[in-house]
There are 2 protein chains.
Amino acid sequence: MSWRENLRKVEPYVAGEQPKMRNLVKLNTNENPYGPGEKVQEAIKAFDSGILNLYPNPDGEDLRHALASYHGLNDDQVYLGNGSDAVLAIIFLTCFNGAKKLLFPDITYSFYPVYCELYHIDYERVPLKEDFTINKEDYYKDNAGVIFPNPNAPTGCLLSHEDIEDILKHNTDSVVVIDEAYIDFGGESVIDLVNTYENLIVVQTFSKFRSLAGIRLGAAFGGKEIISHLYDVKNSFNSYPVDALAQKIGLASVEDSDYIKDNAKKVMATRARTCEELKALGFEMTDSYANFIFVTHPKVPAKELFHKLRERSIIVRYFDQPRIDNYMRITIGTDEQMDRLIEALKELVK
Amino acid sequence: MSWRENLRKVEPYVAGEQPKMRNLVKLNTNENPYGPGEKVQEAIKAFDSGILNLYPNPDGEDLRHALASYHGLNDDQVYLGNGSDAVLAIIFLTCFNGAKKLLFPDITYSFYPVYCELYHIDYERVPLKEDFTINKEDYYKDNAGVIFPNPNAPTGCLLSHEDIEDILKHNTDSVVVIDEAYIDFGGESVIDLVNTYENLIVVQTFSKFRSLAGIRLGAAFGGKEIISHLYDVKNSFNSYPVDALAQKIGLASVEDSDYIKDNAKKVMATRARTCEELKALGFEMTDSYANFIFVTHPKVPAKELFHKLRERSIIVRYFDQPRIDNYMRITIGTDEQMDRLIEALKELVK
């Protein structure tokens, strides 16, 4: 008998790498290429470190209020966490304890099955259609819950507001979670529906649209009742997950939303141009509403392109898994970064 | 059938309150009364928010290196998390999966049984001795792991380095975790033993000694093998828990350790004086090595004192639970704060 036998066995997730190369074009973790803005910088400079000896406000009151106002909700309809991964983990722990199965797409965010294993939740992977879009009717059946990102990852495909409302109408007995990490790059949020469907939770992040991946902030929106349950579970084992400075930074970001929206427009314009140029090179792709595109080439295998781009210090994401092993997920960077990508791909598919 | 039936039932932890009173003397959550120091303030002012669009270094390399050097360890012997509660949660999830029982004291940090419930870990509460100290021989038996704070919370009682080594010698087949949240207020750390006992993990926090409760930083120290297991489990479901700015702030704090140690000396001096003055008022107390004291009065019930102090805007901690329901846990604040406490208690026990 050794202490080693009591250790949990896991397959560590391999996150998009953060290599230290010179002249790197990093298009592998869906980071926003633009900074978080002047107001964030000012909030940091103005921060009085003399209060850091105190625990942060446990529920992030000021930031919750600002986010609630931004989305036209009440403060008690907002839940804050240390990044949307932490928010998702609390939701899985809180909401999907039925004997039935949680439903999510076969191609989707890879942490969903991990949270299920962590919290002993049974699940079923529902296959996407051939074109990688969600078939809403597949979710019209008994379940312990429904979750998917909208737009979906890593496909970028968007489900319409109307289709999501149809899924909600067919699922009144379980919690439905829409993970809107990428919604602000052209999609339509369903946050407005939380006032109608008390079993709906919408998750968003400060990492993408708000250029704050470095600070770890995520939020969930829902009815007052379900949000209070999330807080009860969180408070049962972790009282202060969101730090005081992150709360101030998040607040400054919400107050600077016009600037942030302009950046998102730039990303969308760059996405449109990149798609056109890649199509001219023979690439095929999904209709992405995210800050990344999901592309394949009929002649050159994605895995080969992935490695050859890497040799040129251009890092994209490749998933060696069924159905998508001939695709690359490419983050939309600045126009200059995409020019380097397009130049490289031009040579590689010639 | 309703979605409500699938919700996790919990008893929310009630953290030490953070009331908004004027002229408040807040001695209820063991916060350090002194600020985190000039270097922390400078690090915040110098921080370039332009990198916040990028994910933080997932393993906090620079901070790990600084902490490792501070403790005379290698970098791969340090694990970082978003507060020591998050570090403890990962340790419970990773290390205590045996069929036997995890052992911890009956009077101890209240989150231990919560983590056990969360991760389906069986446990046994081992009674402290009558004087609230740990009887090391009680831990010389089969178990799935051992954990206790040293000094213990909320008693403040310290176990000697030698006694902890004895516990380690009798527990080579399970992981032993020493939670040193309060070790720097007069105790002797057992971090040096991680090179000898590969099943030892020592947990520390930036919240108390380093006056950084607001920033959420905690660390674990151990052998290279066990630390890498903690990272594997963490990486399997949460890639970037520690934000970029918190990493810089932690680094500045480690570089300012002389200033921090001076503050701890001030806290210890105030503790000694407070104990003397309270003894003169008839109070009895444990021999605390933490930044709080654990006191009782033979004539006036603790619960009554707790409420009457609150009426005077002095907040301490009272635990309405067996064995300790006639004690108050009082954080050591500044000398001025303790003077107000002593004045109030003088009236109340008269």
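Colleague: What covers the buried residues of H5(A)?

Modeller: Please note at the outset that this is a predicted model. Helix H5 of chain A spans residues 161–169, and its buried residues are A:His161, A:Ile164, A:Asp166, A:Ile167 and A:Leu168. The cover over these residues includes three strands of chain A: S5 (145–149), S6 (176–179) and S7 (200–205).

Colleague: How much area do chain A and chain B bury between them?

Modeller: The size of an interface is often given as the accessible area lost when the parts come together. Here 84 residues from chain A and 84 residues from chain B take part in the contact. Carbon and sulfur atoms account for 55% of the buried area, which is about 7,000 Å².

Colleague: Which element gives the largest share of the side of chain A that touches chain B?

Modeller: Between the two chains there are 36 residue pairs in polar contact, both residues being at pLDDT 80 or more. On the chain A side, the elements that give two or more residues are helices H1 (38–45), H3 (84–95), H4 (111–118), H6 (224–237) and H7 (244–255). The largest share is eight residues, and the helix that gives it is H6(A).

Colleague: Which residue forms a salt bridge with A:Arg4?

Modeller: The count of salt bridges between chain A and chain B is four. A salt bridge requires a side-chain nitrogen of Lys or Arg within 4 Å of a carboxyl oxygen of Asp or Glu. For A:Arg4, the closest N and O atoms are 2.6 Å apart, and the partner is B:Glu225.

Colleague: How many disulfides are found over all chains?

Modeller: A disulfide needs two cysteine sulfur atoms within 2.5 Å. The sulfur of B:Cys95 has its closest cysteine sulfur in B:Cys116, 12 Å away, and is therefore too far for a bond. Likewise, the sulfur of B:Cys157 is 12 Å from the closest one, in B:Cys275, again too far for a bond. Over all chains, the number of disulfides found in the search is zero.

Conventions
Residues are numbered from 1 along each chain as its sequence is written. Chains are lettered from A and ligands numbered from 1 in the order in which they are written. This is a predicted model: local features need pLDDT of at least 70, side-chain atom pairs count only at pLDDT 80 or more; totals for chains, interfaces and linings use all residues. Side-chain values use heavy atoms; hydrogens and water are left out. Contact means heavy atoms within 4.5 Å. Buried area is the accessible area (1.4 Å probe) that two parts lose on being put together, summed over both. A polar contact is a pair of N or O atoms within 3.5 Å; within protein, one must be able to donate a hydrogen and the other to accept it, and residues adjacent in sequence count only if both atoms are side-chain atoms. Helices (H or I, at least four residues) and strands (E, at least two) are DSSP runs, numbered from the N terminus. Buried means under 20% relative accessible area, exposed over 50%, partly exposed in between (1.4 Å probe, protein chains only).
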